[in-house]
Amino acid sequence: MMHYLQIEGNAKLSGKVEISGAKNAALPLIALTLLAKNEVKLSNIPNVADIKTLAQLLRNLGASCEFENENLLKIDTGGVNSTMANYDIVRKMRASILTLGPLLARFGHCEVSLPGGCAIGQRPIDLHLSALEKMGASIEIKQGYIVASAPDGLKAASIVFDKITVTGSENIIMAAALAHGTTQLLNVAKEPEVVQICEVLAASGVKIEGIGTSELSITGTGSKLLDIGDVEVIPDRIEAGTYLCAGAITNSRISISKANANHMLAMLAKLEEMGFGIKIDNDEITILPAKKIKPCEIITTEYPGFPTDMQAQFMALSLIANGVSVIDERLFENRFMHVSELARMGADIRLNGHIASVYGGKELNAADIMATDLRASSALILAALVAKGTSRVHRIYHLDRGYENLEAKFKLLGAKITRLEK
């Protein structure tokens with residue numbers, strides 16, 4: 001049975017929704033428990049498919065991984081007796097590669113399946129591997145597996161990432177925490193999710209300098225396991241941005257709570273540029289309707305710049321702006337797959353390589369549309385909210401990977417959205 005969402009257009013929204021914990025922060029934190037000698041409690045975990053996949057991977061390795069409730073995960077990696085992350089799990093989710101650094105640092109050996117392709121483009125892991133080699137690991141690729149060994153533990157090194165990589169930074173930060181000596185990392189990703197990993201390690205006794213900057217100095221424990229306290233996952237800035245875009249595209253006043261506006265400055269600035277009012281009150285953000293919705297120019301780039309994970313949602317929003325918006329996608333080569341689906345609804349979007357020109361103000365009509373990746377799917381929902389008629393969004397398993405209680409939250413805001421199966 002395949003689920004799909006039925007969405008009635010011409011929506012006006014109001015009310016408030018609570019933002020979940022960030023999937024992209026929770027995943028590395030789950031991997032981080034491989035460095036702990038104690039049971040670790042992770043709270044504010046989003047109830048989404050990717051989290052369950054990584055929890056299952058840890059169980060396969062021998063860890064005990066229990067959900068005390070759907071947002072609280074207790075992990076004890078004391079019983080880990082296997083260091084092989086097999087293809088069956090890794091193929092479902094590329095983030096499984098995050099177990100590579102911690103497993104190697106703790107056990108001196110691991111075999112992790114190569115993550116297959118990702119719909120939105122190549123995400124090479126050679127940066128992870130070359131960094132681990134600099135730390136003294138020997139690495140071979142055998143029958144689709146990364147076979148890594150460092151029998152005497154990892155050694156400190158000076159590593160420059162050729163390209164900013166979020167999972168690469170996380171993997172090597174975790175590996176360096178247990179290495180012998182002080183590792184210097186340059187050109188590190190500055191995403192809030194990376195910062196949270198560093199803060200948790202620092203609170204667990206690892207000496208880290210430069211947290212939140214692109215240069216880190218990490219003094220490892222020399223293979224000693226860590227005592228990691230309870231951790232609350234940071235709010236999901238992409239989910240938060242998606243709901244604000246729902247308020248924007250319907251030109252409605254809505255609020256989100258449990259959000260962190262400091263993690264969202266680039267997208268909040270863009271909403272204001274387009275004419276919307278933004279009110280911030282502690283962890284609550286309210287979007288106010290615009291008198292006239294202006295077109296925008298967006299260049300996706302690494303944090304703190306405009307996030308590639310919000311590009312599709314802003315493209316949907318640009319469809320109702322007065323004029324032509326230009327979106328320059330600099331991070332992933334296939335990140336415009338939602339364009340052909342939006343075109344089915346009457347959108348006028350012209351592509352030239354990695355640049356999309358969005359001609360706003362055309363009437364959108366409901367259609368049957370298909371999700372192609374996690375963030376693109378949310379753009380289709382946003383467009384369906386303002387289209388004439390009732391749209392059906394298919395292949396929503398993409399959405400379930402990253403959005404918790406999606407239709408329940410949209411219903412709270414007054415959207416007419418129903419999950420059906422055929």
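Reader: Where in the chain is Ile125 found?

Author: This is a predicted model. In it, Ile125 sits in the loop that joins strand S7 (109-113) to helix H5 (126-134).

Reader: Is Ile125 buried or exposed?

Author: A residue counts as buried when its relative accessible area is under 20%. Ile125 has 11% relative accessibility, so it counts as buried.

Reader: Which residues does Ile125 touch, leaving out those up to four places away in sequence?

Author: Ile125 touches Arg94, Ile97, Leu114, Pro115 and Ile146. Two of these names, Arg94 and Ile146, come up again below.

Reader: Which residues does the UniProt annotation "binding site" cover?

Author: The annotation comes from an unreviewed UniProt entry and covers Arg94, Arg123, Pro124, Ile125, Asp126, Leu127, Asp309 and Leu331.

Reader: How should I read the pairing of strands, for example that of S7 and S9?

Author: Strands of a sheet pair through backbone hydrogen bonds, and the pairing is either parallel or antiparallel. Here S7 and S9 pair in the antiparallel sense over five bridges, and His109 stands opposite Ser149 in S9. Strand S8 (residues 138-142) also pairs with S9 in the antiparallel sense, over five bridges. In that pair, Ile141 stands opposite Ile146 in S9.

Reader: How many residues lie between the strands in the hairpin of S8 and S9?

Author: Two residues lie between them, and in this hairpin Gln143 takes a positive phi near 45 degrees.

Reader: Why is strand S9 largely enclosed by the rest of the structure?

Author: Strand S9 (residues 145-149) has five residues and four of them are buried, so the rest of the structure largely encloses it.

Reader: In what order do the strands S18, S19, S20 and S21 form their sheet?

Author: The order is S18-S19-S21-S20, in an open sheet of four strands with mixed pairing. Strand S18 (297-299) and strand S20 (348-352) have a single partner strand each, so they stand at the edges with one side left without a neighbour in the sheet. On average, neighbouring strands of this sheet are turned by 15 degrees against each other, direction ignored.

Reader: In which sense do S18 and S19 pair, parallel or antiparallel?

Author: S18 and strand S19 (residues 324-328) pair in the parallel sense over three bridges. Glu297 has Val326 in S19 as its bridge partner.

Reader: Which helix lies across S18, S19, S20 and S21?

Author: Helix H10 (residues 311-318) lies across S18, S19, S20 and strand S21 (355-359), and runs at about 170 degrees to S19.

Reader: What can be said about Ser257?

Author: Ser257 is found in strand S15 (residues 254-257). Its relative accessibility is 12%, so Ser257 counts as buried. Not counting residues up to four places away in sequence, Ser257 touches Lys16, Val17, Glu18, Ile19, Asp283 and Glu284. From Ser257 to Met315 there are 58 residues in sequence and 24 Å in space, C-alpha to C-alpha.

Reader: Into which domains is the protein chain divided?

Author: The chain is divided into domain 1 (3-15 + 236-421) and domain 2 (24-232). Their C-alpha centres lie 31 Å apart. The contact takes 20 residues from domain 1 and 19 residues from domain 2.

Reader: How much area do domain 1 and domain 2 bury between them?

Author: The size of an interface is often given as the accessible area lost when the parts come together. Domain 1 and domain 2 bury about 1600 Å² between them, with 51% of it on carbon and sulfur atoms. Of the area that domain 1 buries against domain 2, Tyr303, Arg401 and Glu404 supply 34%, more than any other three residues.

How values were computed. Residues are numbered from 1 along each chain as its sequence is written. This is a predicted model: local features need pLDDT of at least 70, side-chain atom pairs count only at pLDDT 80 or more; totals for chains, interfaces and linings use all residues. Side-chain values use heavy atoms; hydrogens and water are left out. Buried means under 20% relative accessible area, exposed over 50%, partly exposed in between (1.4 Å probe, protein chains only). Contact means heavy atoms within 4.5 Å. UniProt positions are given in the numbering used here, feature names are shortened, and annotations may be inferred rather than shown by experiment. Two strands pair if DSSP finds at least two bridges between them. Axes are lines fitted to C-alpha atoms, for helices over the stretch in contact, and angles run from 0 to 180 degrees between N-to-C directions. Domain bounds come from an automatic or database domain assignment. Buried area is the accessible area (1.4 Å probe) that two parts lose on being put together, summed over both.
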